[in-house]
Amino acid sequence: MKKLLALVMAAALVFSMAACAGNNTSSGSKESSKTESKTESKTESKTEESKTSEGGDSGKLVEINLPTFKAGENVGAVFFLPQVERFNKMYEGKYKINIEEVPQASYSEKIKQLAQQKKMPVLMHTGVDNEWFKKVAIPNGFAYDLTDWYNNTPTKKFFIQDSVEYSTRDGKLVTAPAAVTRPMGLFYNSDLYKPEKAVHDMTVDEFIASLGDSKIAFQTADNAWCSMLFLSDLVANEEGGIEILKNNVDDKTSDFNQPAIVNAVTKLQKILQENASANSVGAAYADAANNFMSEGSVVILNGPWMSADFAPDSSDKWSNNFDGANVHADLLPGNIGLANTRGWGEWWVSAYATDEEIELAKAWLDFVNSQEELEAYMLAEGGSCPNMEYSENFLAKQGETQVLADLSAAINDKTQFTPSILDIMPTSVGETEVGKMLPQLIDGTLTPEQFCEQLSAKAADALA
Amino acid sequence: MSKIKMPDKGKRVRASKLERRDYKWIYLFLLPSVVMFLMFYFVPILTMFFTSFTKWDGFNAPVFNGLDNYTRLFSNPAFVISVRNLIAWSLIGIFLHVGFGVLVALILYHKPRGWKFTRAVFMIPNVISAAAWALIYKFIFNNEMGVLNNLIRMISPDFNVQWFYTSPYAFWAITFTWLFYAVIVTLVVLGDLMAIPEELNEAARIDGANQWQITTRIHLPLCRNAIGTSIICTVTSRVAMYEAIQLTTAGGPGDDTMNTPLILVKAIMDMNNGYANAAGVVMFLIGVIIMVIINKVMKMNEPVY
């Protein structure tokens, strides 16, 4: 009897595991399985739930789950979650979006796994793994063609033409194009650093000279974000540098031995050795930001979304008498703004969603690209919408946020926008390799030429 | 006392009816493990072997490219460094990590005062994940606020070393994240030590053996299988070591602390899944070869008593 009982239990274990493996849900979460069951292919049989949700016109609620990393502690959650609530309220009884929190590091993997089963969520973020999106998702027809929506949406006038062109592949609009560009620049603590003129009007040498002994918050860990933004500026200030940055975003490059990059790396080495904050080697982004917000350094390079860290309600992140009110923003030396307008928009839609879900997705895209929502977004996370005539209310509120007003004022007709150098590196090189090599550049183990040679070799290996 | 009749060597012995009935149950109880092995290990391993000879992005159909992935892998300087690191870490693991674990087991075997408490404390690091340890060590070895450098600065105020980010210290900093956490070795060896019949110890003492001789001539040889098992565990852990490196140096500075799993993950990031699986096959083969060698050297298939 005991043997029989044990056997039954063992068999139950095996079959339960087999059943789990047989379920097409990668995350195993109840929410995702619900979403996935709803996102069955239109060509396949619809699920029971989808069948009962006969679209907005019939008065039935269409409900989807939206896996997103803009939740929880993610900096994007502050604006995004209330935005979803606003959408749900606006379409109460018709459409409903439920948030499913996914860690940012796992988001791309989750979407890839769901894509293998053709059970992606209805709405997905772009920009997480551009290479996969370009090489797998688009050729395999995973992205719903948004051309009809684009031609009929009242928000069409806001979209950036570069993004529309970039998002159009083989005549299909595979992502909702970007309407807002968020040029990255630098933030400085005016309590400790008082430049004689605007930073964007300075050359790199003038900027470094103006710093004196003051430090810049750099980092080497992960993708060495802050350091790479500065390197991008240095490259952009070299002859032919902007062209290198602009022309290699699509296919990436394995040639970092070009004089513009070698010269820029030579300058970066000196700056890292003389003007980097004490914790730069080994620092991740959080360490660099913490260093800046504890007055260990006077300058940090980042995008306008960092403005939230300088608002009074983020004062728990400040120390050593740091006051967010003293922070000003500017574009980078040489009047450079780091922004890639030739890129995807933020959202793409699953080609396997049902008609009702597609209607919901279109309503969402109309909603997030409406003037009110775009203005709210820019007030929260910065950026500019080149094709929009801003409301007076927006302009007044933008002026209240010092750093956003600074960035907006810094942009002029001579400003040059360019992608970051991370945009032209293969994924693994940008995400890990460059960060691994920076400590050796700083301690002099690698010369700038060797650094560029090794970077080229790593990139060639990644692209092979 | 009746003699146990042993079967002639090479002669097949027919199982009795009772034994055959037991076999049925044995096979049935083995079934879950076999099914799970086939589902979760065997099929992925076969897939890994097959796709290692292809160019594959992980989604579209793989395209056969012969030995290209292996040629690339073996000519990759990072892989050469990975193999060198693996050999060094394996030797350190065998002699220092396992040696330390065995030493602690030998001490605990004599049940000194507080031995149970010591065993429990020694166990604590093992319940902390490798990822957490990596982060703890990142703080310990931090140049600015790390415990180690601050202690050294008490003697030498100008001391500055970025342990995880400078050659050749990074290799040793990584080594220290696992070197002394040898509780598994200790428990396995202690188990074997506890199983040694007390009569053997008494007989040795009667014959005039001192404690050193008892330890080296009786205890250690009788723990041969446990030590062999520990060595296999230690070395295969080094083959698969990922979190401790990724969360501290990510294989840097340069490629100083590279390991094959990092090459594998990096290849997946670049959607070179065929290449990643070639790295996986090499890891698999290294693991098998190590097991075979250690089995032979430690004579693990031969009876100890």
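Predicted model: local features only at pLDDT ≥ 70, side-chain atom pairs only at ≥ 80, totals over all residues.
## Two packed helices in chain B

Helix axes here are lines fitted to C-alpha atoms over the stretch in contact, and the angles between them run from 0 to 180 degrees, taken between N-to-C directions. Helix α13 (residues 260–269) of chain B packs on helix α14 (residues 273–297) of chain B at an angle of about 165 degrees, and their axes are 7 Å apart. Angles over 145 degrees count as roughly antiparallel, so α13(B) is roughly antiparallel to α14(B). The crossing of α13(B) past α14(B) is left-handed.

Who touches whom? From α13(B) come T260(B), I263(B), L264(B), A267(B) and I268(B). They meet N273(B), Y275(B), A276(B), A279(B), G280(B), V282(B) and M283(B) in α14(B). Sort the residues in this contact of α13(B) with α14(B) by class and you get nine nonpolar, three polar and no charged residues.

## Where chain B meets chain A

Now for the contact between the chains: 27 residues of chain B are in contact with 33 residues of chain A.

As for make-up, the side of chain B that touches chain A has 14 nonpolar, eight polar and five charged residues.

Of the 464 residues in chain A, 47% are buried. If you take the contacts in chain A between residues at least 6 apart in sequence, 77% of them join residues at least 24 apart.

Chain A is divided into domain 1 (44–177 + 343–392) and domain 2 (185–341 + 419–463). The C-alpha centres of domain 1 and domain 2 of chain A lie 31 Å apart. Where these domains touch, ten residues of domain 1 of chain A are in contact with eight residues of domain 2 of chain A. On the domain 1 side of that contact in chain A, the classes come out as three nonpolar, four polar and three charged residues.

Note on methods
Residues numbered from 1 in each chain as written. Chains lettered and ligands numbered in written order. Helix = DSSP H or I, 4+ residues; strand = E, 2+ residues; numbered from the N terminus. Parallel < 35°, antiparallel > 145°, perpendicular 65-115°, else oblique. Left-handed = near helix turned anticlockwise from the far one by under 90°. Contact = placed C-beta atoms within 7 Å. Nonpolar A, V, L, I, M, F, W, Y, C, P; charged D, E, K, R; others polar. Domains from an automatic or database assignment. Buried ≥ 20, exposed ≤ 12 C-beta atoms within 10 Å, placed from the backbone.
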